[in-house]
Amino acid sequence: MKNLSPLQSVCSFILFVTIVFNSQTTTAQGCVAIKGNATSCMSIHADSTTVSGWQFASSGRYFRSFRHFSGREENKDRLLQKTEVINYTSVFNLSLTRILNNRWSVMVDLPISNNVRSSLYEHGLVNGTYVKRERHSTSSFGIGDIRFAAYRWMLDPAKYAKGNLQLGLGIKLPTGDYNYKDYFYNVGPNGTKELRPVDQSIQLGDGGTGFTFEVNTFYNFIENFGVYGNFYYLINPREQNGTRTYRETLAARLANEAIMSVPDQYMFRAGFNYSVNQIKGLSLAAGVRLEGIPVNDLVGGSGDFRRPGYIWSVEPSLNYEYKKVIVFASVPFAVVRNRTQSVTDKENSIKTGTHVQGDAAFADYTINIGVSTRF
């Protein structure tokens, strides 16, 4: 196998960790993450040579969210009473990167999602009264929001082999169905089922044309040991997408949550990486990961229904490279989960004179696996 320069080794590692992040999700692990594409970002080319080429990656992400949090406090009674909402989310990402030269690259990313949501409170409510409360499931499957992005190394890789900084700008298109529907049971007249939009957390898209900003950096202390950092932010100017939530049927105070919001999303990662000299091609990494949905968007309104919040995770990962193929895996474990007050929560707190804060279901961990190849 061809020996890689220190810069090429680090860039290959960064490609690995960022493609793992491509697999989404999120941005967060559970109801806070509303799209598979929330976790897609930063497809960095595999090396810094002047040879142009292509990079193709396929990756998958899976998590099961079931622990309910309001703020940082877990509502453990939901598990004891078996009223918890359980989301099973699988996202498969296909990304193609064109390496133009040792400074520029462009990328397209396509997420495909398969989601199942099991709940009790969404089934059986008719005119504000539970007539036949039973646990049922809704699901969604299809492509998500496609994203295009361009990247540039800000320093000449030929001169700065120990460290560099890459910036990326992109656009996210509303290609995913943001009004995906499935049947809800015991909600119609005489307890019949009705075809309604599925919950925001398992909708395939958010309905907004968004703009992404990314920063990727690394520094190599020695040939086989260094640090990395990634930052991603999605700006969604659209305030709401017109998709009905039916939350106003749960309680009168939820009338201002009847329509789904189109929120911004963000991610930050940083950590250390180490190339194992005894096993050629094997790299290990450990770091922290922050991902979530803000209460207020940078551009546009922030009302209607969203579940803002964030997750801090510790993220061990590894990859193995052989010739032009990289196999990778990552398992972020949640250490802090916080479902923050939304704009509508704050409005209701003022109206009622009491603190109002919704909850959200989070996962304990996610599983990310994938493979990439250069050609």
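Helices (H or I, at least four residues) and strands (E, at least two) are DSSP runs, numbered from the N terminus. The model is a predicted one, in which local features need pLDDT of at least 70 and side-chain atom pairs count only at pLDDT 80 or more, while totals for chains, interfaces and linings use all residues. Residues are numbered from 1 along each chain as its sequence is written, and side-chain values use heavy atoms, with hydrogens and water left out.

Lys-82 sits in the loop between H2 and E3. Its phi is positive, about 60°, although Lys-82 is not a glycine. With a relative accessible area of 61%, Lys-82 is exposed; the cut-offs are under 20% for buried and over 50% for exposed, with partly exposed in between (1.4 Å probe, protein chains only). A positive phi is also found at Lys-323, near 55°, again in a residue other than glycine. Lys-323 belongs to the loop between E18 and strand E19 (325-330).

Salt bridges come next. The term stands for a side-chain nitrogen of Lys or Arg within 4 Å of a carboxyl oxygen of Asp or Glu. By this rule there are 21 salt bridges. One of them joins the side chains of Arg-135 and Glu-84, at 4.0 Å from N to O. Arg-135 is partly exposed, at 31% relative accessible area, whereas Glu-84 is buried, at 12%.

In another pair, Lys-172 bridges to Asp-206, and the closest N and O atoms are 2.9 Å apart. Lys-172 is in strand E9 (residues 163-172) and Asp-206 is in the loop between strand E11 (194-197) and strand E12 (210-222), so the bridge ties together parts that are 34 residues apart in sequence. Lys-172 and Asp-206 are both buried.

Arg-374 and Glu-321 form a salt bridge through their side chains, at 3.5 Å from N to O. Arg-374 is buried at 16% relative accessible area, and Glu-321 is buried at 8%. Salt bridges also join into a network, made up of Arg-61, Arg-269, Arg-289, Glu-291 and Glu-315.

Ala-334 lies in strand E20 and is buried, with 15% relative accessibility.

Strand E20 (333-339) is also what the buried residues of H3 pack against, where contact means heavy atoms within 4.5 Å. In helix H3 (residues 343-352), those buried residues are Val-343, Thr-344, Asp-345, Asn-348 and Ser-349. An α-helix has 3.6 residues a turn, so residues three or four places apart point the same way. Just after H3, Gly-353 has a positive phi of about 75°.

On a 1 Å grid over the protein atoms alone, a cavity is a set of points where a 1.4 Å probe fits but cannot get out, and a pocket is an open set with protein on both sides within 12 Å along at least five of seven lines; lining residues have an atom within 4 Å of a point. Grid points are joined across faces, edges and corners, and a volume is the space filled by probe spheres set on the points.

The largest cavity has a volume of about 240 Å³. It is lined by 18 residues, and Glu-122, Phe-184, Thr-245, Tyr-246 and Arg-247 are the closest to its centre. The largest pocket has a volume of about 470 Å³. Its lining has 26 residues, with Arg-78, Tyr-121, Arg-247, Leu-250 and Asp-359 nearest its centre.

Arg-247 is found in the loop between strand E14 (240-244) and strand E15 (259-261). Arg-247 is buried, with a relative accessible area of 16%. Leaving out residues up to four places away in sequence, Arg-247 touches Tyr-121, Leu-254, Glu-257, Phe-305 and Arg-307.
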